[in-house]
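Hello,

Here is the structure we spoke about. My notes on the helices and the sheet follow below.

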Amino acid sequence: MRTDDPAPVVLSRQSNGTGVPVVLLPPAATRGEVWNAHQVPALVSAGYRVVVANHRGLAPSPAPQGPYRLADVVADAAQLIEDLGQGPCHVVGASLGAFVAQELAAARPELVRSAVLLGTRARTDHYRRSLARALAARARAAGPVTDAEVVAHLGQLFGPLTLGDDRRVSDWMELLKRFPVSGPGPAAQYELTAIPDRRQVLAGIRRPCLVIAFALDLISPPAFGAEVHEVIPHCGWVELAGLGHFGFLERPDAVNAEILRFLAQVDAGAPLLAG
């Protein structure tokens, strides 16, 4: 068991636009470029400076030896915002990125203007802990990924809207088979998603937050997102129907509209409660 203080690493990042900064943090074992097709253009068009980061463990960010702790990845994100020199920032995270964003809002409120939490939760049950371990084990395993594994993974990430679209499914299957998630860094990220119960910590957040839940999310079901919404004192709630864990890719226009509406409210003077 590690007891040392977190030593942040310098995360790779891409920056676009000007204005109030928005930091985008991706899901586990997912490159930050996942935001580039939809969220980055929408935020830049709305007048924000958008900074896309990659968590430790996934190139081109450093991949120190695991296991990783929440404190480690939160320290990484805090260092990134300090390096920008434009804090506090809006922070938008999905899945693991949302876990980091909410922990950052609790631990370093002076760096966070607001937090948008996509597909989040405050704890991990037996099924999702087992899923995290299984995904980590597969990431460490040698050999090509099988069709069965790809199909199962797609079922965890997307809802019927995407799974019923032959072209999109074919494209995703080809992508996952050609560029499989593998290695100790992605494995450590998957293991990190088996978070302990953080509800008491999240209850201390004093920054505006928005939870966006996806109705058919198997990895972070809406009931788990509702727990986050309920414990954070100043927290909005949106649940979008028909979408899976990667709902921000399935219906990006709807997700982007909710993000932009919330950020505009905060920037227009919604109180940033004393931290």
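**Helix α12**

Buried residues in α12 are Pro252, Ala254, Val255, Asn256, Glu258, Ile259, Phe262, Leu263 and Val266; buried means under 20% relative accessible area, with exposed over 50% and partly exposed in between (1.4 Å probe, protein chains only). This is a predicted model, in which local features need pLDDT of at least 70 and side-chain atom pairs count only at pLDDT 80 or more, while totals for chains, interfaces and linings use all residues. Residues are numbered from 1 along each chain as its sequence is written, and side-chain values use heavy atoms, leaving out hydrogens and water.

Helices (H or I, at least four residues) and strands (E, at least two) are DSSP runs, numbered from the N terminus. Helix α12 covers residues 252–267, and its 16 residues should span 22 Å at 1.5 Å a residue, which agrees with end C-alpha atoms 22 Å apart. The expected span is 1.5 Å times one less than the number of residues. After α12 comes Gly269, with a positive phi near 125 degrees.

**The sheet**

An open sheet of 7 strands runs in the order β1-β3-β2-β4-β5-β6-β7, with mixed pairing; two strands pair if DSSP finds at least two bridges between them. β1 (13–16) and β7 (235–240) are the edge strands, each pairing on one side only. β1 pairs with β3 (residues 49–53) in the antiparallel sense over 4 bridges, and Ser15 stands opposite Val51 in β3.

Helix α2 (residues 70–84) packs on the sheet and touches β1, β2 (21–25), β3 and β4 (89–94), where contact means heavy atoms within 4.5 Å.

Regards

Key:
Axes are lines fitted to C-alpha atoms, for helices over the stretch in contact, and angles run from 0 to 180 degrees between N-to-C directions.
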